Amino acid sequence: MRAFTSSLTRLPARTVIPRSAAALASSRSMLITPSPTLRLYARGYAAKAEPTEEDAKKDEDANLTEEQKQIKDLQSKLEAKNSETIELKDRLLRAVADFRNLQEVTKKDVRNAKDFALQKFAKDLLESVDNFGHALGAFKQEDLKKSKEISDLYTGVEMTKNVFENTLRKHGIQKLDPIGEPFNPNKHEATFELAQKDKEPGTVFHVQQLGYTLNDRVIRPAKVGIVKAEDK
């Protein structure tokens, strides 16, 4: 027993190490600062505690009388009808505008169809008019003076040609005879060039074939010879 007691007395005493100031501050902060879980819980509780706009509206509706509720309901329906009226009015205006545009386009298409319906037929008639011109050009002035029969034939062909041209003119077909005019590629077709000292370069000095227009639209350009600039 004495031996055991003496062995105990020989054991070293436990040394107490003082904690540093940083460790103490860290432990205190752990006790004071809440954890993230506690923070989220606190926020959710605060959000539940604050009244929302929907809750405020329900409370306001609950405080209304029956007559006030009917008035509010009628006001909501009136606002909905006003919005619907504005939308329908906008649709009506758009439909009217589309219909007017369609009318204008239809009128234009009908007018173009009417103006140019005779274009193919007119082109075929132009060959007949050209043949009358060739026939008249085949007569010689000496023969017209010598023979009355030939003179009458010439007069008959010329009258027939004039009737054709008047008929074409009545339907909007005009003749293009650009002699002496500046060359226009939109109305004329140059077949050759020739230098002319007394004429300005680029002007038409010879018409090989007459041109024609239908309502100011060229259906056959005139075949012409133009003046060429002299080489220096």
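In the predicted model, an open sheet is formed by 3 strands in the order 2-6-3, and the pairing within this sheet is mixed. Strand 2 (188–195) and strand 3 (204–209) stand at the edges. Each of these two strands has a single partner strand, so one side of each is left without a neighbour in the sheet. From one strand to the next, the twist averages 30°.

Strand 6 covers residues 222–228 and is joined to strand 2 by 7 bridges. Strand 2 and strand 6 run parallel. One of the residues involved is alanine 190, whose bridge partner in strand 6 is valine 224.

Another open sheet is formed by 3 strands in the order 1-4-5, and here the pairing is antiparallel. Strand 1 (173–176) and strand 5 are placed at the edges. Because strand 1 and strand 5 each have a single partner strand, one side of each is left without a neighbour in the sheet.

Isoleucine 173 has leucine 214, in strand 4, as its bridge partner. A helix is also found at these strands: helix 6, made up of residues 119–138, lies across strand 1, strand 4 and strand 5. Relative to strand 5, helix 6 runs at about 55°.

The loop between strand 4 (211–214) and strand 5 (217–220) contains asparagine 215. Aspartate 216 is found in the loop between strand 4 and strand 5 as well. The backbone at both positions was examined. Asparagine 215 is not a glycine, yet its phi is positive, at about 55°. Aspartate 216, although not a glycine, has a positive phi of about 65°.

Aspartate 216 has a relative accessible area of 77%. Since residues count as exposed over 50%, aspartate 216 is classed as exposed.

Note on methods
Residues are numbered from 1 along each chain as its sequence is written. This is a predicted model: local features need pLDDT of at least 70, side-chain atom pairs count only at pLDDT 80 or more; totals for chains, interfaces and linings use all residues. Side-chain values use heavy atoms; hydrogens and water are left out. Helices (H or I, at least four residues) and strands (E, at least two) are DSSP runs, numbered from the N terminus. Buried means under 20% relative accessible area, exposed over 50%, partly exposed in between (1.4 Å probe, protein chains only). Two strands pair if DSSP finds at least two bridges between them. Axes are lines fitted to C-alpha atoms, for helices over the stretch in contact, and angles run from 0 to 180 degrees between N-to-C directions. Contact means heavy atoms within 4.5 Å.
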